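Biologist: Please put the structure up, and then I will ask what stands behind each label.

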Amino acid sequence: LNISPMYAYNFDTKRLLFDGQEQLLTPKQAQIIDLLAMNANKIIDFEWLRYEVWNSSDIDNATIRAEMHRVRAVLKEDIIQSIKGVGYRLKTI
């Protein structure tokens with residue numbers, strides 16, 4: 001999946017690539033990117049993230065927002081769009 005001119009996601013290896021180089025992510029960050037990539041350009045709401053990434057754990061939206069902030073801090077481009085009060089979307093070209 002080509003996300004931007006520099007970013008791509010490999011579904012087979014579940015790796016995010018920047019200019020052909022693997023982007024180093026924690027396991028939780030990798031799960032988030034995988035979910036967003038599998039549903040590119042769709043809004044992933046907090047409940048969906050909670051179910052898929054945190055295995056339906058009783059975590060609040062602030063915890064999810066904090067992890068998303070950490071994911072974005074690792075990225076070299078702003079490829080994740082916040083949908084205020086709803087969730088997130090991976091923007092692709």
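Modeller: N55 comes out as exposed, with a relative accessible area of 62%. This is a predicted model, in which local features need pLDDT of at least 70, side-chain atom pairs count only at pLDDT 80 or more, and totals for chains, interfaces and linings use all residues. Residues are numbered from 1 along each chain as its sequence is written, and side-chain values use heavy atoms, with hydrogens and water left out.

Biologist: Why is N55 called exposed?

Modeller: Buried means under 20% relative accessible area, exposed over 50%, and partly exposed in between, with a 1.4 Å probe and protein chains only. N55 has 62%, so the label is exposed. This residue is found in the loop between helix 2 and helix 3 (61-74).

Biologist: Where does K14 lie, and why is K14 called partly exposed?

Modeller: K14 lies in the loop between strand 1 and strand 2. Its relative accessibility is 44%, which falls between the two cut-offs, so K14 counts as partly exposed.

Biologist: How do you know that K14 and D34 form a salt bridge?

Modeller: The term requires a side-chain nitrogen of Lys or Arg within 4 Å of a carboxyl oxygen of Asp or Glu. For K14 and D34 the N to O distance is 3.3 Å, so the pair qualifies. K14 sits in the loop between strand 1 (7-10) and strand 2 (15-18) and D34 in helix 1 (residues 27-38), so the bridge ties together parts that are 20 residues apart in sequence. D34 has 11% relative accessibility and therefore counts as buried.

Biologist: How many salt bridges does the whole structure have?

Modeller: The search finds four. Among them is E22 with R15, at 3.1 Å from N to O. E22 is partly exposed at 43%, and R15 is partly exposed at 37%.

Biologist: What separates R50 and E47 along helix 2?

Modeller: R50 and E47 are three residues apart in helix 2 (residues 46-53), which means about one helical turn. Their closest N and O atoms are 2.4 Å apart, and the two form a salt bridge. R50 is buried, at 10%, whereas E47 counts as exposed, at 52%.

Biologist: What makes a stretch a helix or a strand here?

Modeller: Both are DSSP runs, numbered from the N terminus: helices are H or I with at least four residues, strands are E with at least two. On that basis the protein has three helices and six strands. From the N terminus the order is β-β-β-α-β-α-α-β-β.

Biologist: How do you know that the radius of gyration agrees with a compact globule?

Modeller: The radius is taken over C-alpha atoms, and the globule rule is 2.2 Å times the number of residues to the power 0.38. For 93 residues a compact globule would have a value near 12 Å, and the protein has 12 Å, so the two agree. Along the principal axes, the C-alpha atoms fill a box of roughly 35 × 25 × 20 Å.

Biologist: What share of the 93 residues counts as buried?

Modeller: The share is 37%.
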